[in-house]
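The following paragraphs walk through a structure, starting from a single residue and widening from there. Please keep the sequence and the model in view while reading.

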Amino acid sequence: MMSDVLMSDFKCSLFAISAHLYFWQKTTGVDETPVNNIIPATLLWWVGRLFLVLMFVLHFSFALKLYFENRAARPKSYAVENSVQATISSRIMALSGTIILLYVIGHLLHFTLGVILPEYSELQDALGRPDVYSMVVKGFQVTPVAVFYIVALLLLWSHLSHGISSIFQSLGV
């Protein structure tokens, strides 16, 4: 689907811009980017977050549409389920997508809202900013948190590998 390709392109563009600004800040040692002189950083963060939520809603709606199209194409199940060509990633797309959603919610509760392990959300660096590095180190010392992140990232890899290969297959590449 062309809309999935465009959505992936938007996500990659947003990631590239975010990574560029991050590395610009790290290499120059300046907290302000040239963009901050025009648009406040807080506004940029919220615009980015709203954009990602919109992309998630579009992604989820396309996944549901594809699910129902597949069901309509074959309303009756196969007598024998023997899929030779389907990869494990393609078979667990719904499961991996659900766990990735839980991962994103948990990640926001952990690092953005400070609901999970709230005692670490109060940590600050020398400049008085939230100390994300210490939050990550201390959070990953809690075994269930570390295991959940590792499992979620493995499923994210599986989900993305199937999605990216499907994009190229749909485009005929």
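This is a predicted model: local features need pLDDT of at least 70, side-chain atom pairs count only at pLDDT 80 or more; totals for chains, interfaces and linings use all residues.

Leucine 117 has a relative accessibility of 17% and therefore counts as buried, the cut-off being under 20%. Leucine 117 sits in the loop between helix 4 and helix 5, the latter spanning 118–121. Its phi is positive, about 50°, although the residue is not a glycine. Leaving out residues up to four places away in sequence, leucine 117 touches His110, Gly139, Val142 and Val145.

Leucine 117 also belongs to the largest nonpolar core of the protein. Which residues make up this core? There are eight in all: Tyr103, Phe111, Leu117, Tyr120, Met135, Val145, Tyr149 and Ala152. Two helices, helix 4 (93–112) and helix 7 (143–171), each supply at least two residues of the core. Helix 7 provides the largest share, with three residues.

The protein contains seven helices and zero strands, and its pattern along the sequence is α-α-α-α-α-α-α. Of its 173 residues, 17% are buried. Where contacts join residues at least 6 apart in sequence, 64% of them link residues at least 24 apart. The accessible surface comes to about 13000 Å², and carbon and sulfur atoms account for 70% of that surface.

Is leucine 155 buried or exposed? At 13% relative accessibility, leucine 155 falls under the 20% limit and so counts as buried. Setting aside neighbours within four places in sequence, leucine 155 is in contact with Ile92, Ser96, Ile99 and Ile100. The C-alpha atom of leucine 155 is separated by 8.1 Å from that of glycine 97, and the two residues are 58 apart along the chain.

The other residue is serine 158, also found in helix 7. Its relative accessibility is 6%, so serine 158 counts as buried. Beyond residues up to four places away in sequence, serine 158 touches Ser89 and Ile92. Apart from neighbours within four places in sequence, serine 89 is in contact with Ser158, Ser161 and His162.

The aromatic residues give another way through the model. A pair of aromatic rings is described by the distance of the centres and the angle of the planes. How many aromatic pairs does a search of the whole structure find? The search finds five. One of the aromatic pairs is formed by tyrosine 67 and phenylalanine 68, with 5.2 Å from centre to centre and 75° between the planes, an edge-to-face arrangement. Tyrosine 67 has a relative accessible area of 41% and is partly exposed. Phenylalanine 68, at 53%, is exposed.

Another aromatic pair consists of phenylalanine 140 and tyrosine 149. Their ring centres are 5.0 Å apart and their planes stand at 55°, so the pair is tilted. Phenylalanine 140 is placed in the loop between helix 6 (132–139) and helix 7. With a relative accessibility of 34%, phenylalanine 140 counts as partly exposed. Tyrosine 149, at 6%, counts as buried. When residues up to four places away in sequence are not counted, phenylalanine 140 touches Ala146 and Tyr149.

Phenylalanine 140 and tyrosine 149 also take part in an aromatic cluster together with Tyr103 and Phe111. Tyr103, Phe111 and Tyr149 have already been named as members of the largest nonpolar core.

Arginine 49 lies over the face of tryptophan 46, at 4.6 Å from the ring centre.

Technical notes:
Residues are numbered from 1 along each chain as its sequence is written. Side-chain values use heavy atoms; hydrogens and water are left out. Helices (H or I, at least four residues) and strands (E, at least two) are DSSP runs, numbered from the N terminus. Buried means under 20% relative accessible area, exposed over 50%, partly exposed in between (1.4 Å probe, protein chains only). Contact means heavy atoms within 4.5 Å. Accessible areas come from the Shrake-Rupley method with a 1.4 Å probe; for residues, only the protein chains shown count as cover. Rings of Phe, Tyr and Trp (its six-membered ring) pair if their centres lie within 6.5 Å; planes under 30 degrees apart count as stacked, over 60 as edge-to-face and the rest as tilted. A charge sits over a ring if NZ of Lys or CZ of Arg is within 6 Å of the ring centre and within 35 degrees of the ring normal. A nonpolar core is a set of buried Ala, Val, Leu, Ile, Met, Phe, Trp, Tyr and Cys residues joined through side-chain atoms within 4.5 Å.
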